[in-house]
Amino acid sequence: EELFPQGLGWVITKLQMEFLKPLTLGDTFTIKTWHTLSDRLQSRREFVFSVNGEVIARGTSFWVMIDLNERKMVRTPQAFLDSNATNPKPLDIEINPFKRAQVEGVELLNSNLVKVRLEDLDTNGHTNNPHFSAWCLGALPESEVKDLAIKDFIVNFKAEALRGDEIDSLVYKTADKTYTHILKRRSDGKEIATALSIWQNK
């Protein structure tokens with residue numbers, strides 16, 4: 001909120017999640033999140049989900065600052081650089097290098113068409129990032145994962161999606177229990193996100 005008067009906002013560029021234990025109906029969970037560090041181009045934030053003190057999922061995310069009027073990335077303000085902890089405490093997560101969807105020669109497993117609704121938008125006026133994840137995973141046929149539990153999920157956010165945009169959610173099986181996801185804007189064919197989901201037996 002402090003950034004809005006300056007015409008600035010945060011957008012996420014990468015999310016990486018590890019799922020250690022599934023939630024069950026009726027569970028009450030807590031989320032702990034903290035800023036790890038910022039440099040001139042991006043900031044990193046960690047988060048941990050727990051139930052009764054037991055960690056069930058954890059993740060890390062990378063963010064950049066944008067000019068909300070120009071819709072362009074800008075350098076991180078000095079105030080955020082000055083707030084860096086003396087001894088940052090990032091999670092011991094090995095950052096997955098996945099970025100580009102390698103699906104050449106791989107048969108398309110399934111696709112869904114989604115349309116961006118008003119309720120999908122965040123305060124920056126574009127689609128809130130959890131919807132990207134939901135669109136990716138929503139294209140997986142139930143028959144593929146009914147006996148599996150998600151283990152790792154990595155998303156690279158490449159472009160924004162605005163109200164009224166039609167998005168094709170494409171999913172490919174690229175290895176055993178591993179799926180590559182592409183979100184593509186139908187109007188211009190631009191990839192707006194790529195994702196990798198890795199599953200394991202329940």
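Me: Which residues is Lys 173 in contact with, leaving aside its neighbours within four places in sequence?
Reply: The model is a predicted one, and Lys 173 is found in its strand β8. Once neighbours within four places in sequence are left aside, the contacts of Lys 173 are Val 106, Leu 109, Glu 144, Thr 178 and Tyr 179.

Me: Is Lys 173 buried, partly exposed or exposed?
Reply: Buried means under 20% relative accessible area and exposed means over 50%, with partly exposed in between. The relative accessible area of Lys 173 is 39%, so Lys 173 is partly exposed.

Me: How far apart in space are Lys 173 and Glu 107, C-alpha to C-alpha?
Reply: In sequence, 66 residues separate Lys 173 and Glu 107. In space, the C-alpha to C-alpha distance between Lys 173 and Glu 107 is 7.9 Å.

Me: Where is Glu 104 found, and which side chain does the side chain of Glu 104 make a polar contact with?
Reply: Glu 104 is in the loop between α1 (78–82) and β6 (108–115). Its relative accessibility is 54%, so Glu 104 counts as exposed. Across 70 residues of sequence, the C-alpha atoms of Glu 104 and Thr 174 are 10.0 Å apart. At 3.0 Å, the side chain of Glu 104 makes its polar contact with the side chain of Arg 100.

Me: Which backbone oxygen does the side chain of Lys 14 reach?
Reply: Lys 14 is found in strand β1 (residues 8–19). With a relative accessible area of 11%, Lys 14 is buried. Not counting residues up to four places away in sequence, Lys 14 touches several residues, among them Ile 95, Asn 96 and Phe 98. The side chain of Lys 14 reaches, at 3.2 Å, the backbone oxygen of Asn 96.

Me: What distance separates the C-alpha atoms of Lys 14 and Asn 156?
Reply: Asn 156 is one of the residues that Lys 14 touches, and Ile 154, Val 155 and Phe 157 are also among them. Along the chain, Lys 14 and Asn 156 are 142 residues apart. Their C-alpha atoms are separated by 4.6 Å.

Me: Is His 181 buried or exposed?
Reply: His 181 is in strand β9 (residues 178–185). Buried means under 20% relative accessible area. The relative accessibility of His 181 is 0%, so His 181 counts as buried.

Me: Which side chain makes a polar contact with the side chain of His 181?
Reply: The residues in contact with His 181, leaving aside neighbours within four places in sequence, include Cys 136, Leu 137, Thr 194 and Ser 197. The side chain of His 181 reaches the backbone oxygen of Cys 136 at 3.2 Å. The side-chain partner, in a polar contact of 2.8 Å, is Ser 197.

Me: Where is His 126, and is His 126 buried or exposed?
Reply: His 126 lies in the loop between β6 and α2 (129–138). Beyond neighbours within four places in sequence, the contacts of His 126 include Val 11, Arg 71 and Glu 160. Its relative accessible area is 8%, so His 126 is buried.

Me: What is phi of Arg 71 near?
Reply: Arg 71 is placed in the loop between β4 (54–67) and β5 (72–74). At 32% relative accessibility, Arg 71 counts as partly exposed. Phi is positive here, in a residue other than glycine, and is near 55°.

Me: What is phi of Lys 177?
Reply: Lys 177 sits in the loop between β8 (166–175) and β9. Its relative accessibility is 21%, so Lys 177 counts as partly exposed. Although Lys 177 is not a glycine, its phi is positive, at about 60°.

Me: What is the radius of gyration of the protein?
Reply: The protein has 3 helices and 10 strands. The globule rule gives 17 Å for 202 residues, and the computed value is close to it, so the protein is as compact as a globular protein of that length. The radius of gyration is 18 Å.

Me: How far apart are the mean positions of the positive and negative charges?
Reply: The protein has 26 positive and 28 negative charges. Their mean positions are separated by 2 Å.

How values were computed: Residues numbered from 1 in each chain as written. Predicted model: local features only at pLDDT ≥ 70, side-chain atom pairs only at ≥ 80, totals over all residues. Heavy atoms only, no water. Helix = DSSP H or I, 4+ residues; strand = E, 2+ residues; numbered from the N terminus. Buried < 20%, exposed > 50% of the residue type's maximum accessible area, 1.4 Å probe, protein only. Polar contact = N/O pair within 3.5 Å; in protein donor to acceptor, adjacent residues only side chain to side chain. Contact = heavy atoms within 4.5 Å. Rg over C-alpha atoms; globule rule 2.2 N^0.38 Å. Lys, Arg positive; Asp, Glu negative; His and termini not counted. Charge placed at Lys NZ, Arg CZ, Asp CG, Glu CD.
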